[in-house]
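Q: I have a structure open and would like to go through it. Can you take my questions one at a time?
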Amino acid sequence: MLNAGIHASNNIDRKTGIPLYLQLMDIITRDINNHVYRPGDQLPSEREFCSTYELSRITVRQALQELEREGYINKKHGKGTFVTKEIFQQNLINLYSFTDEMKRIGKKPSTKVTSFEIIPANDNIARRMKLTGHKQVIKAKRLRIADDEPLMYETSYLPRDVFINLTKEQLEKQAMYEIFQQDYHIGVTKAIEDFTATTMEKSEADFLHEEAGSPAILIKRYGYYNDQIIEYTTSIVSSLKFHYRVEISK
């Protein structure tokens, strides 16, 4: 008899020669794709899968581990296994902005500015932005949101002498690159980005509704207007929610 907690859309066929864990993977991914299990839903326990499909705990665990590795699910310690929320794919060939990309895929973007201050550029920031003398920078921390879901936590540094009248209220109401264009008549003509695998600190995880130590991607962006760096931004995103793609041709 099928376990009531599982929608068993397919049965395991022990005569095909296909490994049992692969068959279970196919069943679960098919149910995810057919929205039997939706993003954010908790999956049945290993014990329930074992009972429903008459599989060993080792077989079920192997299937779930492979699904987690492929990004379909994620395990939360002490809570269970959940279907991964919608994954956003970003092509890195062209310049892009969070706001434009979310609008392109039909999402409603918004921004919450959690911190806005004018500070002297320390040695690290001055070096990264190629600032000389005792320059001030605007330091803005922003939570980037799509359809009410927090997706990205950013810290941006901007040269104060370039964006002299920029305010926190502007950044909350309007995309930063739009402000560059409309109010200052400059734009990012080139960007360099560095990607590093990392884990979330507690403060970042709290903003992104994740657990401290969750896998993440650290993105460092240097935005240029011609030869001048007008933006240095560090962003933290969940590696379970974002995939980045580079297309290479010969």
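Q: What covers the buried residues of helix 2?
A: The cover includes helix 1, helix 3 and strand 1. Contact here means heavy atoms within 4.5 Å. Helices (H or I, at least four residues) and strands (E, at least two) are DSSP runs, numbered from the N terminus.

Q: Which residues of helix 2 are buried?
A: They are Glu46, Phe49, Cys50, Thr52 and Tyr53. Buried means under 20% relative accessible area, exposed over 50%, and partly exposed in between, with a 1.4 Å probe and protein chains only.

Q: Before I go on, what is the mean pLDDT of the protein?
A: The mean is 85, and 87% of the residues reach 70 or more. pLDDT is the predictor's confidence in each residue, from 0 to 100. This is a predicted model, in which local features need pLDDT of at least 70, side-chain atom pairs count only at pLDDT 80 or more, and totals for chains, interfaces and linings use all residues. Residues are numbered from 1 along each chain as its sequence is written, and side-chain values use heavy atoms, with hydrogens and water left out.

Q: Where does pLDDT stay under 50?
A: Over residues 1–5, for which the model has seven contacts beyond four places in sequence.

Q: Back to the helices. At what angle do helix 2 and helix 3 cross?
A: The axes of helix 2 (residues 46–53) and helix 3 (residues 57–69) cross at roughly 115 degrees and come within 9 Å. Axes are lines fitted to C-alpha atoms, for helices over the stretch in contact, and angles run from 0 to 180 degrees between N-to-C directions.

Q: Which residues make that contact?
A: Helix 2 brings Glu46, Arg47, Phe49 and Cys50, while helix 3 brings Arg57, Val60, Arg61 and Leu64.

Q: New topic: how many residues does helix 1 have?
A: Helix 1 has 14 residues and reaches 20 Å from its first C-alpha to its last, close to the 20 Å expected at 1.5 Å a residue. The expected span is 1.5 Å times one less than the number of residues.

Q: What is Thr29 in contact with?
A: Leaving aside neighbours within four places in sequence, Thr29 is in contact with Leu67 and Tyr72.
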